[in-house]
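Visitor: Can you walk me through this structure? I'd like to start with its surface.

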Number of protein chains: 2
Amino acid sequence: MPDVITSTKNETVKSVARLKRTKERARTASILVEGPNGFTEALDTGMEPLIVLATEDDAATRTRLDDYPAVALHLVSPAVLDSVADAVHPRSPLMVVRRPDDREIRMHNTVLLVGVRDPGNAGTIIRTAAAFGWDVAYTPDCVDMWSPKTLRSGAGAHFHTRFVPIDLNEGVEALSAHTVVATVVAGGETTVDAVGPIALLIGSEAHGLDSEHVAMAAHRLTIEMASSAKSLNVAVAAAIAMHDLR
Amino acid sequence: MPDVITSTKNETVKSVARLKRTKERARTASILVEGPNGFTEALDTGMEPLIVLATEDDAATRTRLDDYPAVALHLVSPAVLDSVADAVHPRSPLMVVRRPDDREIRMHNTVLLVGVRDPGNAGTIIRTAAAFGWDVAYTPDCVDMWSPKTLRSGAGAHFHTRFVPIDLNEGVEALSAHTVVATVVAGGETTVDAVGPIALLIGSEAHGLDSEHVAMAAHRLTIEMASSAKSLNVAVAAAIAMHDLR
């Protein structure tokens, strides 16, 4: 049994903690998975652990890592786990894995996040997309799909999701085979009968979709509300739209 | 123009900061509303400000308070605002108002939160309920509907919502005129044709509804997913159910 690391100055601990930063995740092409659910989902879907930090009492993680004899498990004190993790009340283990590769658009229902900035909303949309079997596309101005907060809201769904980066400034050529549907707060259709795979455009929390992006869509979809003065959370609106368009 | 309060030891500042605690909100029957949107929604719906803290540059709040000559506006430094507010990046103003009274159940569509523990989920459900014109009922083991985090996720919807406390341990007499629908992860109906007002039961994030609560329902509703291994966020599931049952 290795010694328990009790110092946050330990080089391995520091290298893991740095992955809370977007730039460091981009530089190393790796991400930080926190807690037992993400750990299990990641391994179940074939991700390879690079570094694992766990507390001494976390027998489940030790047992699971028996299948990965080449992976060194680093035991850490609860205080070190707290300091490394992004979560306020983190649970063991913390695992570093390679960031899954981005994919190409395909003929499949796809929810396209356009400037979604809140990691909790992005993660919830990813979770919903996975539940309904949709792909997730995202524009460059979105929050990092792989931040610890986004991963947490995704509740393990990230590892079941196909991610597609799309730059709408380069046009919508990539979506030419999709029925493009824009969600708008008011004035759109309340149901859309779409043929073929759908690309569902979801705008930012603050501003919704820009008019230029709405103009790219064949249909505008509005979720009817009791009062037009009210609003829906963006992840809620996306979920209702995905469910309606299934 | 009054002096700007720069000390977190100021008695008014301390009394406002204490309202981040559930017990203090219960003891004083008052709540803390943070940021310009909540401030505006609360006043627009007739709430009376008791105490307002604002930063010096917040002219909009000063102007709005001209209609309330009896209310003292306390100017505070940005550091004091930060320390008093619950939000990580708070915006001026902070306002104390009386906690709106709980109400009785009525013949109206009602979403009933049973042990929902996450303030973000509770707030999002409140926001959705307000958008669709539903009342919100909640059991005693739910998170405080009026915590700063719940208010934040509610995005102003709290002041448009009728709140009804319900203790299911005392039976469901109160719901005898409603069609009670329980949301379950699997095995329920995928559509429900309900007559009369609906009481939609939503369970906790961790466990869903207890079987004894499911047994109280005339219908069990399941949202179809691509794979039974997946799951939906509780606020997303509530939103899809409310939208489907509208």
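Guide: The accessible surface of chain A is about 11300 Å², and carbon and sulfur atoms hold 48% of that. Areas are from the Shrake-Rupley method with a 1.4 Å probe; for residues, only the protein chains shown count as cover. This is a predicted model, in which local features need pLDDT of at least 70 and side-chain atom pairs pLDDT 80 or more, while totals for chains, interfaces and linings use all residues. Residues are numbered from 1 along each chain as its sequence is written, chains are lettered from A and ligands numbered from 1 in the order written, and side-chain values use heavy atoms, without hydrogens or water.

Visitor: What share of the 246 residues is buried?

Guide: In chain A, 52% are buried, meaning under 20% relative accessible area.

Visitor: Switching topic: how many aromatic pairs are there?

Guide: Four, over all chains. Rings of Phe, Tyr and Trp (its six-membered ring) pair if their centres lie within 6.5 Å; planes under 30 degrees apart are stacked, over 60 edge-to-face, the rest tilted.

Visitor: Why is the pair of A:Trp146 and A:Phe159 called tilted?

Guide: Because the ring planes of A:Trp146 and A:Phe159 meet at 50°, with the centres 6.0 Å apart.

Visitor: Are those two buried or exposed?

Guide: A:Trp146 is buried, at 1% relative accessible area. A:Phe159 is buried too, at 11%.

Visitor: Which residues make up the ring cluster?

Guide: A:Trp146, A:Phe159 and A:Phe163, linked by ring pairs.

Visitor: And how far does the C-alpha trace span?

Guide: About 65 × 35 × 30 Å along the principal axes of chain A.

How values were computed: Buried < 20%, exposed > 50% of the residue type's maximum accessible area, 1.4 Å probe, protein only.
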